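Work through the exercises below with the sequence and the model open beside you. Try each task before reading its solution.

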Amino acid sequence: MTQIEMARQGVISPEMEHVARREKLSPELIRSEVARGRMIIPANKVHLKLGLEPMAIGVKATCKINANIGNSAVTSNVDNELAKLKLAVDLGADTVMDLSTGGKIDAIRQAIIAASPVPIGTVPMYQAIQQVKKVEDLTEEDLLANIEHQAAQGVDYMTLHIGILRDYIPLTAHRLTGIVSRGGALMAQWMIAHNKENPLYTRFDDICDIMRQYDVSFSLGDSLRPGCIADASDAAQFAELKTLGDLTRRAWARGCQVMVEGPGHVPMDQIAMNMEKQAVECDEAPFYVLGPLVTDIAPGYDHITSAIGAALAGWHGASMLCYVTPKEHLGLPEVEDVRQGVVAYKIAAHAADLARHRPGARDRDDALSRARYNFDWEEQFRLSLDPETARRMHDETLPQDAFKTAAFCSMCGPKFCSMRISEDIRKHAAATASLVQLEPVAAGS
């Protein structure tokens, strides 16, 4: 049985038990959330045997982040992708997607799954396209064969662009940036060439059978997500969202776990509305959002433009945030770009957990603040999201070991440090209070 089938029958699986310990929630709460489809545990039965550590994605769990890695047609290097995977996991990525589109896709995916303790996601359409000369040559059987092949390898969740239908393609004609989803654009191209409906949609029941066999979670792709602020919250986006809701309920009925992917570029004033609309249309299935980016004018800094939107989305109910690196719109991310993207999104996800008042979410903030006030630099480094960077920045101006215990940093120096001054004031106030208590109280006062 799949996790959702066990949960519906009242069974608390070992994976649910593990998740409950990680999330500091009761196993029964985890079971009930999985049963209703509001939480998923993406854990392919094959990957579990290879050492996957189960985790949960859902509004009752902590806000999760995903890191995208993978090669392109320009570069292909297994070792480089494994280095990206290791760094992403070490920095706290909760899942990793292999979005390889270049050579050696199969070998790269197999190596990533074998090395990863976190769930791995893919987009099967990419490998299917690599196996044909042009999109038009792709068949329904090619698509299903790739889904089954990747499931057998151990992929834990798959982005499948099932919700884009023929009738929705004309709705993108007025858009500034058209269809920005790679998988969605390829599917639209196939439908136009064949004058047929989306084969992933017409063969959805067959796909469910494959997903259920391995307990692969659906990540229902938002092919018509807005690719710029001008296209946000338009008719095309919301037409597909309604179909994704229908597909969610059909997948649940066939014993499959589901999360739904969300928009890419949305101004801040529309984010809450987008989160609420998805919850209604998709019966509160976990929402997995890319950003969203809240402005289009900062190429090279889109880990920042998107982390702003991601924090707001997490606050308003998104269950997982797909990171964006500084290289978004510019090129294939390298190892340092992965670092920047993961840290930006760990900040966004943690900010969302704080805003949602999750139990224990503030503990680390308070511990780091105490270490900062006490000038415990080593503890500050240890508690930071990126200890290596925090230490490097401190040591750029004060590298000597003696300054690891100094009551100041290079920003203020010893004379202007507000925290040292505050401590002096605190000691003075305490001493003054003690003196007041020792003075005799005048009679009749």
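**Exercise 1: a residue in a strand**

Val260 has its place in strand S8, residues 258–262, where helices (H or I, at least four residues) and strands (E, at least two) are DSSP runs numbered from the N terminus. This is a predicted model, in which local features need pLDDT of at least 70 and side-chain atom pairs count only at pLDDT 80 or more, while totals for chains, interfaces and linings use all residues. Residues are numbered from 1 along each chain as its sequence is written, and side-chain values use heavy atoms, with hydrogens and water left out.

Solution. Begin with the cut-offs: buried means under 20% relative accessible area, exposed over 50%, and partly exposed in between (1.4 Å probe, protein chains only).

**Exercise 2: the nonpolar core**

Task: find which residues have the most contacts inside the largest nonpolar core, and which helix gives the most to this core.

Solution. A nonpolar core is a set of buried Ala, Val, Leu, Ile, Met, Phe, Trp, Tyr and Cys residues joined through side-chain atoms within 4.5 Å. The largest one has 112 residues, and those with the most contacts inside it are Met211, Phe218, Val260, Leu321 and Tyr345. Helix H12 (residues 235–253) gives the most to this core, with eight residues. A second, separate core has seven residues, among them Phe375 and Phe381.

**Exercise 3: an aromatic pair**

Task: determine how the rings of Tyr157 and Tyr288 are arranged, and why their pair ties together parts of the chain.

Solution. Rings of Phe, Tyr and Trp (its six-membered ring) pair if their centres lie within 6.5 Å, and planes under 30 degrees apart count as stacked, over 60 as edge-to-face and the rest as tilted. The structure holds three aromatic pairs. In one of them, Tyr157 and Tyr288 are 6.4 Å apart centre to centre with 90 degrees between the planes, which is edge-to-face. Tyr157 lies in strand S6 (residues 157–160) and Tyr288 in strand S9 (residues 287–290), so the pair ties together parts that are 131 residues apart in sequence. Both Tyr157 and Tyr288 are buried.

**Exercise 4: charged side chains**

Solution. A salt bridge is a side-chain nitrogen of Lys or Arg within 4 Å of a carboxyl oxygen of Asp or Glu, and a search of the whole structure finds 35 of them. Arg38 counts as buried because its relative accessibility is 12%, whereas Glu284, at 34%, counts as partly exposed. Elsewhere, the side chains of Glu396 and Arg392 meet in a salt bridge (2.8 Å, N to O).
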